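Please look at the sequence and the model before reading on.

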Amino acid sequence: MSDLLVLGASAAVIVFMVAVAAVLGFRIDARLDEAELQRLAASEGARLSEAVLDLSGKAALARLDSGRVLAARVMADGISTRVAATDAVRIKVNGQGVRVAFADIGFPPLVVRLGDQAPGWVLDLERAR
Amino acid sequence: MNEPIAAPFEIPPIITYAVPGFVLLILIEMIYVRVTHKGRYQFADSAVSLSMGLGNQVAGLLFGGLVVASYFWVSQHRVFDLGWTWPVLVACFFAEDLAYYWFHRVAHERRWFWASHVIHHTSQHYNLTTALRQTWTGALGFSFIFWLPLVYIGFPPEMVLMFQAISLVYQFWIHTEAIDRMGPLEWVLNTPSHHRVHHAINPRYLDANYAGVLIIWDRLFGTFVPEDRTDQIKYGIISQLGTFNPFRVAFHEWAGILRDVRSAKSFREVLGFIFGPPGWSPDGSRKTSASIKAAWARQQAASVPAE
């Protein structure tokens, strides 16, 4: 019982500290744009061939000149990326959205909302697998 | 039966007693960062770190008995009867810190142990909440085996557990960007500067500064790397996590091991995926610390003009 009390109190303190962090303004989110994608591609030793950005600027899918696929997701004020061969990625086009899934559970499926029809190279990637 | 020598005093719950201090220091650091902009916080990141800390406590309640039982069982077969004397306490402090160094080094160099330890490195931030981002699977992953030689030699299990707790409490305050270098203390102690290097993913800093309390072990075993102010530190892991879900954070590397083992084509590959360095693959196509550092070294050498 005392263990449960300690855990309950700990959870309450966590909520309090996270609220303090939010009140202090630690809520800034990163944004993706083409320049950032170019930089991310360069860090993989490649160049950007084509890219689609989510309407919110928080997700992106790109094809690199190496033929590989780069997926990027904003993680609060940081960015997480995955670069993989096209056959290691499952891409599903659904209306004006693209769903990109990897086997890695540390990078859940990424949804890129386009606001328009998916370009041909994305449809090619969908068909490639 | 050779019962362990009992502690001559009641050992307080050191970590529980330290928690109010942790909370206070985190709040102070948040305000300091807000005012000075020295350091970074993000509330979602802190929420995950603190949730992982809470999960670690739950895991301790569920599986901590396995660790304690193992210590007491091994202690029954100890070589020497080292009692609770001052010289033994001093020796145990050093021995525990040395055991921590080797645990920590192997936890970075072998994927089985990395699967538990990686959780502590998954934040892209480095602040006091990062210190509390702890594993849920350490006991189940047998991380405690690195301390068993101590109780086998004859250090009382409660003494070893006490110094483990003290080490953990010590390591809390070094997770900060708010403190620069600390003069002569940098020679002997693990400091915020040394530990920033440990959490960095810049190639030059990979697999360095494994110390718990004393940095002397890194200096002794050749894994010490000083912080270079000209190279801005990037924190996290090579493949940064794309989730704030604590369960995905806790189990992602174990899931990766399982996935790789299923795809293995030989027993050698199975062993490589489980006990090889993180990033090991049969064809060498994935990145390991060694390959990243080697590529960086080649790049550095190529950028130096020939005389």
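## Model and domains

Domain bounds here come from an automatic or database domain assignment. Chain A is assigned domain 1 (1-28) and domain 2 (34-128), and 35 Å separate their centres, taken over C-alpha atoms. The model is predicted: local features need pLDDT of at least 70, side-chain atom pairs count only at pLDDT 80 or more, and totals for chains, interfaces and linings use all residues. Residues are numbered from 1 along each chain as its sequence is written, while chains are lettered from A and ligands numbered from 1 in the order in which they are written.

Chain B is divided into domain 1 (14-221) and domain 2 (249-303), with 25 Å between the centres, again over C-alpha atoms. Domain 1 of chain B brings 18 residues to the contact and domain 2 of chain B brings 15 (two residues are in contact if their C-beta atoms, placed from the backbone, lie within 7 Å). Helix 4 (111-117) of chain B gives the most to the domain 1 side, with four residues. Helices are DSSP runs of H or I with at least four residues, numbered from the N terminus.

## Contact between the chains

In the contact between the chains, 29 residues of chain B meet 28 residues of chain A. On the chain B side, helix 1 (14-36), helix 2 (43-75) and helix 11 (246-263) each supply at least two residues. Helix 2 of chain B gives the most, with 11 residues.
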